[in-house]
Amino acid sequence: MSDAIKHECGIALLRLKKPLEFYKEKYGSAFYGVQKMYLLMEKQHNRGQDGAGFASIKFDVEPGERYISRVRSNKAQPIQDIFAQINDRINEELALHPEYNDDVQLQKDNIPYIGELFLGHVRYGTFGKNSIESVHPFLRQNNWMHRNLIVAGNFNMTNVTELFNSLVELGQHPKEMADTVTVMEKIGHFLDDEVTDLYQECKNNGLSKREASPVIAEKLNLVRVLKRASRGWDGGYAMAGLLGHGDSFVLRDPAGIRPTYFYEDDEVVVVASERPVIQTVFNVSFEKIQELKPGNALIIKKNGTVSEEEINTPTIKKACSFERIYFSRGSDAEIYQERKELGKLILPAVLEAIENDTDNTVFSYIPNTAETSFYGMIEAANDFLNQRKNKFILDNRKTLTKEKLEEILSVKIRTEKIAIKDAKLRTFITDDANRDDLVAHVYDVTYGVIQPSDNLVIIDDSIVRGTTLKKSILRMMDRLNPKRIVVVSSAPQIRYPDCYGIDMSTLEGFIAFQAAIELLKERKMTNIIDDVYKKCKAQENLKDAEVINFVKEIYNPFTDTEISNKIAQMLHPEDIKAEVKIIFQTVDDLHIACPKNLGDWYFTGDYPTAGGNRVVNKAFINFYEGKNARSY
Ligand SMILES: O=P(O)(O)OC[C@H]1O[C@H](OP(=O)(O)OP(=O)(O)O)[C@H](O)[C@@H]1O
C-alpha cells in the first residue's frame with residue numbers, strides 16, 4: 001500500500017545481570033543469552049517476516065578487543081538465517097579451539113556474539129526497499145565506548161522532515177533522511193553532549209582521560225539524553241538502545257501507542273513487544289510482567305540498576321487497538337479474551353443477516369488470526385440456540401415426548417473449517433510487490449460440507465483493502481454453492497491512514513474509503529469531495545496542532561451500514577452466484593471488547609498526536625491530486 005520502509009516490528013532486549021560463568025554453571029552454557037534471544041525473536045515472528053537483526057555487547061573488554069557484534073538478514077526466514085550465522089561462527093571457533101569449550105573467559109575473549117547485553121529486532125518492510133541497510137539494529141560507531149549507540153525500534157514518526165531539519169540546524173550533515181537514522185542521530189547528538197560535559201567535569205577534577213572513562217559510564221544520565229533527544233518526536237514508538245559501555249534503554253511514546261513489556265529478576269532484565277513472549281521464554285507468570293508506562297523509559301545501567309523514568313509527560317493513553325485485533329499473537333491472556341469478546345459482540349448483527357436461521361448456517365473463519373474471535377462468536381451462537389431450545393421446551397412442557405426432546409437437543413450450531421491457509425505467512429505484512437499474488441494462492445477450501453440452502457458465515461479479523469476477500473476468499477466460498485455468504489469483520493471499517501507503525505498510509509487503499517467516494521458519486525454529492533480538498537489545502541501550512549481532520553466529512557453523510565453494503569457490492573466479483581453481505585464491528589463494541597487499547601484513529605479519524613491530522617490531511621490531498629505518494 002505504500003512505498004517506504006516501515007517499522008511495525010518486534011523488539012527484544014536482554015540484559016544478563018550475573019557474570020557469564022553463572023549461566024554456564026546453572027544452565028550449562030555461557031551462550032544462554034544468545035539462546036534466549038533466538039526464542040524471544042522467534043516468538044515474535046508474527047511482527048515481521050522480512051528482516052531480522054541482532055546485536056550484542058561484551059562488558060569490560062580490554063582496549064583493542066572487539067566488544068560489539070551485529071548480524072542482520074533480509075533473506076527468506078531471516079530469524080533462522082541470523083541464528084544460523086551466529087551458531088556457525090560459534091561452532092567454528094569452538095571446533096578450531098577445543099580449549100575454549102569449558103572456559104567461559106576464553107569464550108568471551110575470543111568468540112563474537114557472546115556477551116551480557118543483547119538487542120534483537122524483527123521487521124516487516126513494504127514495497128521496494130527491503131534492503132539490508134534498512135534492517136535494524138542501526139549502529140553509530142565511535143572510538144569512545146560511551147558514544148557507541150545501537151538502536152532498534154518498533155516505531156514511526158510523523159515528522160521526520162522536521163526532525164531531519166533540526167539536525168541540520170544543529171550543524172549536522174546526516175547522510176540520509178530515513179527516520180531510524182534521524183532518530184538515532186538525535187539520540188547520538190545528545191549522548192555526545194552528555195559525554196563531553198561529563199568528561200569536562202572529570203578533567204576539572206583532575207582525572208586523566210583513561211580515569212574519566214569509568215566515571216562517565218557511572219554518571220552518564222540517560223534520562224537527560226532521552227528527554228532532550230525525544231523532545232520533538234511525534235509518533236508511536238518503542239525505541240530500544242544500547243550504549244557501547246553497557247547502559248541500555250527502551251523508551252515508549254507518550255500515548256502508549258506501541259506496546260512494550262518487561263520483566264526483571266536477579267538474573268535477567270528482558271523487554272519485548274509482547275507479554276506472552278516473555279512468559280514463555282522465561283517461564284514466568286502473567287502478573288510478573290509489567291507494561292512500560294507511556295512516556296517512560298526503562299533504563300538499565302551497566303552496573304545493573306534498573307529504573308523506570310518519566311521522559312515525556314504522558315498524554316491520554318491511546319494504545320493501538322489493531323495490536324489486539326490482529327497484530328499481536330493471540331496467546332496473550334488478555335488478548336485472547338478480547339478477541340473472543342469481539343466475536344461475541346458481533347453475533348447479533350450476524351443473526352440479523354441470516355434471519356436467525358442458525359439451522360441452515362455454517363459458521364467458519366479465515367485463518368489464522370480470526371480463529372479466536374470465531375470461538376467467541378460460536379459461544380454466543382450456542383447461547384442463542386440454547387435460549388431457543390429452552391423457550392421451546394418451556395412452551396411445550398406439557399406435551400413434550402422423549403423423542404421430541406432428543407430431537408431438539410440434538411440441534412447444534414454448525415461449524416466447519418472451510419478456509420485453509422497453506423502458507424504460514426502473514427499476507428498483510430508481506431511487501432506490496434508480492435502481496436496480491438500471495439493472497440490469491442495462499443488459501444484453499446474444504447468441499448462437501450455446505451448445502452445450497454445454507455448461509456455461510458465467515459469471520460475475519462479485519463478487512464482493510466479487501467484484497468483477501470476479492471482476490472481469493474469470496475470466489476472460493478462461492479464454489480461451495482451457498483445461498484448467501486456473510487463476511488464478518490471483527491474490526492470496524494478502516495477509514496483513515498495509520499501513521500504510527502502499522503503500514504496503512506494511503507486513503508484510496510482502503511475499501512471503506514473507496515466505498516464512501518463511490519456513494520458520494522452515486523448520490524451526486526461530489527461537491528463534498530471538492531470541499532474537503534479545499535479545506536485540506538487551506539490548512540497545508542498550518543502548525544500540526546491547528547490542523548483539523550476534515551476527511552471525516554467524506555463519511556459523515558452515510559451510516560455504517562450504507563458503507564458496509566457498498567463495500568459488499570464493490571468486493572463482489574461479477575461471476576459470483578451467492579448473495580454477499582458484509583458486517584463490521586462497531587467502534588463502541590470494539591472499546592467494550594478491548595478496554596485498555598482505546599487507540600482507534602484508523603476507524604474514527606481521532607489521532608492521538610497532532611501529526612496524525614497533518615498526515616490524514618496530506619493523504620487526502622495526495623488522493624485528490626492523484627499522487628501515489630506517502631502522506632508522512
Ligand atoms: O483486506 P486486506 O487488505 O486483504 O487485509 C486483511 C487481511 O490480512 C490479514 O491476514 P494475514 O494473512 O496477514 O494474517 P493471519 O493469517 O494472521 O490472519 C488479516 O487477517 C485479513 O485476512
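Reader: How do I read the packing of helix H2 and helix H3, and at what angle do their axes cross?

Author: Two packed helices are described by the angle between their axes and the distance between the axes. In this predicted model, helix H2 (residues 32-42) and H3 have axes that come within 10 Å and cross at roughly 170°. H2 is therefore roughly antiparallel to H3, since angles over 145 degrees count as such.

Reader: Which residues of H2 and H3 meet?

Author: From H2 come Val34, Met37, Tyr38, Met41 and Glu42, and they meet Ile79, Gln80, Ile82, Phe83 and Ile86 in H3. Sorted by class, the contact of H2 with H3 has eight nonpolar residues, one polar and one charged.

Reader: What is the phi angle of Gln77, and where does Gln77 lie?

Author: Phi of Gln77 is near 55°, which is a positive value in a residue other than glycine. Gln77 is in the loop between E3 and helix H3 (78-96).

Reader: Next, the pair H11 and H13. At what angle do they pack, and how far apart are their axes?

Author: Helix H11 (residues 333-345) packs on H13 at about 50°, and the axes are 6 Å apart. H11 and H13 are therefore oblique to each other. Their crossing is right-handed.

Reader: Which residues make the contact of H11 with H13?

Author: H11 supplies Tyr336, Arg339, Lys340, Gly343 and Lys344, while H13 supplies Thr372, Ser373, Tyr375, Gly376, Met377, Glu379 and Ala380. By class, the contact of H11 with H13 has four nonpolar, four polar and four charged residues.

Reader: H13 also packs on H14. At what angle do the axes of H13 and H14 cross?

Author: Helix H13 (residues 371-395) and helix H14 (residues 402-409) have axes that come within 10 Å and cross at roughly 165°. That makes H13 roughly antiparallel to H14. H13 passes H14 in a right-handed crossing.

Reader: Which residues of H13 and H14 meet?

Author: On the H13 side there are Lys389, Phe392 and Ile393, and on the H14 side Lys404, Leu405, Ile408 and Leu409. The residues of the contact of H13 with H14 comprise five nonpolar, no polar and two charged.

Reader: Which elements supply at least two residues of the lining of the largest pocket?

Author: Strand E3 (68-73), helix H4 (104-110) and helix H7 (209-219) each do. H7 gives the most to this lining, with five residues.

Reader: How much space lies in the second largest pocket?

Author: The second largest pocket holds about 730 Å³ of space. Of the 34 residues that line it, the closest to its centre are Tyr326, Asn368, Thr369, Lys421 and Arg426. The elements that give two or more residues to this lining are H13 and helix H16 (467-478). By class, the lining of the second largest pocket has 10 nonpolar, 14 polar and 10 charged residues. Asn368, one of the residues closest to the centre of this pocket, is also joined to Pro367 by a cis peptide bond.

Reader: How many cavities of 30 Å³ or more are there?

Author: A cavity differs from a pocket in that the probe fits but cannot get out. The count comes to two cavities of 30 Å³ or more. The second largest cavity has about 30 Å³ of space.

Reader: Which residues line the second largest cavity?

Author: The lining consists of Ser505, Thr506, Leu507, Glu508, Ala619, Asn622, Phe623, Lys627, Ala629 and Ser631. By class, the lining of the second largest cavity has four nonpolar, four polar and two charged residues.

How values were computed
Residues numbered from 1 in each chain as written. Predicted model: local features only at pLDDT ≥ 70, side-chain atom pairs only at ≥ 80, totals over all residues. Heavy atoms only, no water. Axes fitted to C-alpha atoms, helices over the stretch in contact; angles between N-to-C directions. Helix = DSSP H or I, 4+ residues; strand = E, 2+ residues; numbered from the N terminus. Parallel < 35°, antiparallel > 145°, perpendicular 65-115°, else oblique. Left-handed = near helix turned anticlockwise from the far one by under 90°. Contact = heavy atoms within 4.5 Å. Nonpolar A, V, L, I, M, F, W, Y, C, P; charged D, E, K, R; others polar. 1 Å grid on protein atoms, 1.4 Å probe; cavity = no way out; pocket = protein on both sides within 12 Å on 5 of 7 lines; lining within 4 Å. Points joined across faces, edges and corners; volume = space filled by probe spheres on them.
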